[in-house]
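Have the structure open as you read.

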Amino acid sequence: IIAKIEGKPYVKNNAFYVYSVYEVRSDVDLTTGNIEFIGDVLVNGNVKEGMEVNAGNSITINKNVERAKIEGKGNIAIKGSILSSDILGGGKDITKIKAIDNSKALVDILKEIIEAVKEVKRIDLYGKDKKDGEIIRILIERKYKTLPRICLTIIRDITVCGKDQEEGKIILAVKNKLIGLAPLNIKNYREIEDVIKLLEERIIKLEKELTIPVDVIIDYCQDSNISSSGNVYITGKGEYISKIIANNSVYFTYEKALARGGQIQAKKEIK
């Protein structure tokens, strides 16, 4: 393998890459300014209060991060302590993963509502004069109270991720059929199936856009937010009153590590 450019060699999934590396030999502070680089970033010092480090690939910080924001599209490794900071591994993938989860949650609720409407009509629970839209509104108010909040979250997700023509249709459908008094506009419950179809198409689109999951490796964090599109590895003392979210798993690898307060959330396992 011969590289045509100078940089950092990298192998993943049997593919070979060479990334340029931006090295900060000092602290990241007001003297250096915020760091934004298309490839790898290596910080030999600390990342000080109010500063940001943003990389198109991996980030390695050899000392502490305090009241700062670190975001990388590749793996992130922080060898010192993290205090009151935001660490985001995977970049926009994290936003897309949340958008996928929210869309799937709404699809599940809408499918339940369709089955509930069928059952209500079969046993004639609310009388024969009740229209499908009225039944749906009653069900939302009594049984599916979380639906309006999820709808508003999805509208926000679409706005953040960028809205195209198809996603614009989702916003219109949600506003015209599901929020507030809008269910009264529904003449036949099968109209909800059209919303489900739009959401399922969006889920497929977002899943195709996801890149390879990346990992975040830290020693200790306190009063911080740690998110990863892959795994989170805590190799040192542990965490204190922090929010740790991994799309895969969270691993505490040090035998005497502690978790005190906060929230730890993973789709696979917490070990």
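## The second largest pocket

The second largest pocket has a volume of about 370 Å³. A pocket here is an open set of points on a 1 Å grid over the protein atoms alone, where a 1.4 Å probe fits, with protein on both sides within 12 Å along at least five of seven lines; lining residues have an atom within 4 Å of a point. Volume is the space filled by probe spheres set on the points, with grid points joined across faces, edges and corners.

This is a predicted model, so local features need pLDDT of at least 70 and side-chain atom pairs count only at pLDDT 80 or more, while totals for chains, interfaces and linings use all residues. Residues are numbered from 1 along each chain as its sequence is written, and side-chain values use heavy atoms, with hydrogens and water left out.

Back to the pocket: 17 residues line it, and Lys-73, Gly-74, Thr-211, Ile-212 and Val-214 lie nearest its centre. The biggest contributor is α1, with three residues.

## The largest pocket

Now for the largest pocket, which holds about 700 Å³ of space. Its lining has 26 residues, and those nearest the centre are Leu-88, Ile-94, Lys-98, Ser-227 and Ile-245. Here too α1 supplies the largest share, six residues.

## Helix α5

(The expected span is 1.5 Å times one less than the number of residues; helices are DSSP runs of H or I, at least four residues, and strands are runs of E, at least two, numbered from the N terminus.)

Buried residues in α5 are Glu-191, Ile-192, Val-195, Ile-196, Leu-198, Leu-199, Arg-202, Ile-203 and Leu-206. They cover an arc of only 160° around the axis, which puts them on the same side of α5; the arc is taken from the directions from the helix axis to the C-beta atoms. On the face turned away from that buried side you'll find the exposed Asp-194, Lys-197 and Lys-208. Buried means under 20% relative accessible area and exposed over 50% (1.4 Å probe, protein chains only).

## Strands around β10

Strand β10 (residues 76-83) pairs in the parallel sense with β7 (residues 59-61) over three bridges, and Thr-60 stands opposite Ala-77. Strands pair if DSSP finds at least two bridges between them. β10 also runs parallel to β12 (residues 216-222), joined by six bridges, with Ile-217 as the partner of Ala-77.
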